[in-house]
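Please read it with the structure open.

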Amino acid sequence: MNALTNKAKAVDRRPMTWLERIYLWNIAKGMAITLRHFFKKKATIKYPEEKRPFSPVFRGTQVLNRDEEGRERCTACGLCAVACPAEAITMEAAERKPGEEHLYREEKYAARYEINMLRCIFCGLCEEACPKDAIYLSETFAPANYQRKGFIYGKPELLIPDPKTQPEEYAKAKGQH
Ligand code: SF4
Ligand code: SF4
């Protein structure tokens, strides 16, 4: 039968020589290959000490944004939850009380805001849907966790530090340090 391509290799069925039977030659050949790789540029990095730069279009964990005065921007309109194809976002709205103007920018705010990171596909549609610039996808990713409930991120995990009271943490979260 004619071969369709010339990729076929004939199997060498000759009996093994004494040198081949003791495998030393093959072990030496294998060691030489290993040794050669010692001096090649490594494809792996020593994470977490060493980190690869992210692509400019990388989409990581969500951050709930504050304005320049440190007030929460989210007005709990629910547009991000509606836009989310994975139905990963849930929230509860509350009304801002007199005296809370320094905490919340709008009259309505998210008393509870949760993202199920096990559902999230990091598509970025929540960021695009938000009319208040209140949520964006950062350059960090959700760390590993042993518990499923550890992947339900609430406001303590999502809300960016206050630029007025925690300027260093805020700058770090913004990637400025
Ligand atoms: S990134 Fe996409 S999947 Fe994740 S919460 Fe936002 S809209 Fe939903
Ligand atoms: S993050 Fe934006 S879109 Fe989502 S509820 Fe808050 S203001 Fe609305």
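The shell around ligand 1 has 12 nonpolar residues, 1 polar residue and no charged residues, where Ala, Val, Leu, Ile, Met, Phe, Trp, Tyr, Cys and Pro count as nonpolar, Asp, Glu, Lys and Arg as charged, and the others, Gly among them, as polar. This is a predicted model, in which local features need pLDDT of at least 70, side-chain atom pairs count only at pLDDT 80 or more, and totals for chains, interfaces and linings use all residues. Residues are numbered from 1 along each chain as its sequence is written, while chains are lettered from A and ligands numbered from 1 in the order in which they are written.

**Ligand shells**
- Ligand 1 is surrounded by 13 residues, and the closest are Cys 84, Cys 120, Cys 123, Leu 125 and Cys 126 (C-beta atom, placed from the backbone, within 6 Å).
- Around ligand 2 there are 14 residues, the closest being Cys 74, Cys 77, Leu 79, Cys 80 and Cys 130.
- The ligand 2 shell comprises 11 nonpolar, 2 polar and 1 charged residues.

**Annotated site**
- The unreviewed UniProt entry marks Cys 74, Cys 77, Cys 80 and Cys 130 as "binding site"; such annotations may be inferred rather than shown by experiment.
- These residues span 57 residues in sequence, yet no two of their C-alpha atoms are more than 10.3 Å apart, so they gather at one spot.

**Cys 130**
- Cys 130 is buried, with 20 other C-beta atoms within 10 Å (buried means 20 or more, exposed 12 or fewer, partly exposed in between).
- Cys 130 touches Leu 79, Cys 80 and Ile 135, not counting residues up to four places away in sequence (C-beta atoms, placed from the backbone, within 7 Å).

Key: Contact = placed C-beta atoms within 7 Å.
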